[in-house]
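Please read the following briefing alongside the sequence and the model.

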Amino acid sequence: MKEKILITDVTARDGLQALSKSIPTSSKLELIRRLREAGCSSVEVTSFVNPQRVPQFDDAKELLAAIDFKVEAIVLIPNLRGLERALEVGVKRINLLSSASDAFAKKNLGKDLGTHLIELDKVLKLAQKEHLIVRASLSMAFYCPDEKEIPLHRLEEQFHFFSSRGVEEIILCDTCSKADSFLLKRSLSVFKTFPRIGLHLHAQNGRELPLIEEALGQGIRLFETGLKETGGCPFNEGSKSNTSTEDLVALLQNLGQESGIDLASLREVQNFYRTLI
């Protein structure tokens, strides 16, 4: 029996963050409910980012308080204040955002990478004290438009930072849609001894799917995706939409792999999403 592939759908966070239209909390909750009914057991539900930077998530506390599956609900946490706010409404599982690019850290996180890691160290200490389940997402893990190919020493620094602090799950993110076979192998080689590695790839006109097949061949069993043509980083002009959950589920079906997600139901969720935006 083949090992089940875990897909975390990030539509409710990544798919909504760049929208200028404010989506009601009730509609977000309905989207999350439908994703779970389609078989998406792992969902990133919101972000506790400063609402002045991303107004879409000014209801993060209200939304998380209304969710009754907090152990499976992943919340993006950018800093210590974000975690403190999330703890007020019972967060259990968090995703910490870091970067392999100093230039992108300044754009996306508002500070240089060294300063950001000092902040993340405080976040991780509080998360450990509160017995939270922690995932780390590494932006620009392959290539950066400003810094070009990410140097290996920068990836190694991130590896040692998170592994030395007990983080067992890391997501390598192709934030600018530039990953290729060489860069994929290169980055995965640095993290090969990490307890669990996942991928968050962005669209490349279909070229992301062969990369996923290659990653599957290297033992990767965790992927972050969003509904078709959703997502993309608002702080990076080159960022395209996320790899679509529908495409990944279809690919896995063709390969005889199990995700637990029903493709027909997922397409109905896509139709619902379109009514929101």
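Predicted model: local features only at pLDDT ≥ 70, side-chain atom pairs only at ≥ 80, totals over all residues.

Residues are numbered from 1 along each chain as its sequence is written, and side-chain values use heavy atoms, with hydrogens and water left out. Helices (H or I, at least four residues) and strands (E, at least two) are DSSP runs numbered from the N terminus.

**Helix packing**

- Axes here are lines fitted to C-alpha atoms, for helices over the stretch in contact, and the angles run from 0 to 180 degrees between N-to-C directions.
- Angles under 35 degrees count as roughly parallel, those over 145 as roughly antiparallel, those of 65 to 115 as roughly perpendicular, and the rest as oblique.
- Helix H9 (residues 208-217) and H10 have axes that come within 11 Å and cross at roughly 50°, which makes H9 oblique to H10.
- The crossing of H9 and H10 is right-handed; a crossing is called right-handed if the near helix is turned clockwise from the far one by less than a right angle, and left-handed if anticlockwise.
- Where these two helices are in contact (heavy atoms within 4.5 Å), Leu209, Ile212, Glu213 and Leu216 of H9 meet Asp247, Leu248, Leu251 and Leu252 of H10.
- By class, the contact of H9 with H10 has 6 nonpolar, no polar and 2 charged residues, where Ala, Val, Leu, Ile, Met, Phe, Trp, Tyr, Cys and Pro count as nonpolar, Asp, Glu, Lys and Arg as charged, and the others, Gly among them, as polar.
- Helix H7 (residues 152-163) packs with H8 at an angle of about 40°, their axes being 9 Å apart, and H7 is therefore oblique to H8.
- The crossing of H7 and H8 is right-handed, and in their contact Leu152, Leu155, Glu156 and Phe159 of H7 meet Arg186, Ser187 and Val190 of H8, a set that divides into 4 nonpolar, 1 polar and 2 charged residues.
- H10 and helix H11 (residues 263-276) have axes that come within 10 Å and cross at roughly 170°, so that H10 is roughly antiparallel to H11.
- On the H10 side of this contact are Thr245, Glu246, Val249, Ala250 and Gln253, which meet Leu263, Leu266, Arg267 and Gln270 of H11; these residues divide into 4 nonpolar, 3 polar and 2 charged.

**Cysteines**

- A disulfide is a covalent bond between the sulfur atoms of two cysteines.
- With a disulfide taken as a pair of cysteine sulfur atoms within 2.5 Å, the count comes to 0 disulfides.
- Cysteine 144 is in no disulfide, and the nearest cysteine sulfur, that of cysteine 176, is 6.7 Å away; cysteine 176 is likewise in no disulfide, with the sulfur of cysteine 144 as its nearest.
- Cysteine 144, at 1% relative accessibility, counts as buried, and cysteine 176, at 4%, also counts as buried; buried means under 20% relative accessible area, exposed over 50%, and partly exposed in between (1.4 Å probe, protein chains only).

**Positive phi angles**

- Histidine 131, although not a glycine, has a positive phi of about 60°; it lies in the loop between helix H6 (113-129) and strand E5 (133-139) and is exposed, with a relative accessible area of 69%.
- Serine 177 is not a glycine either and has a positive phi of about 60°; its place is in the loop between strand E8 (169-173) and helix H8 (181-190), where serine 177 is buried, with a relative accessible area of 8%.

- Leucine 227 lies in the loop between strand E10 (222-225) and helix H10 (245-254), and it is buried, with a relative accessible area of 0%.
- Not counting residues up to four places away in sequence, leucine 227 touches residues including Asp9, Thr11, Leu31, Leu35, Thr245, Glu246, Leu266 and Gln270.
- The C-alpha atoms of leucine 227 and lysine 70 are separated by 22 Å, the two residues being 157 residues apart along the chain.
- Serine 265 lies in helix H11 and is partly exposed, with a relative accessible area of 31%.
- Serine 265 and glutamate 246 are 19 residues apart in sequence and, C-alpha to C-alpha, 9.9 Å apart in space.
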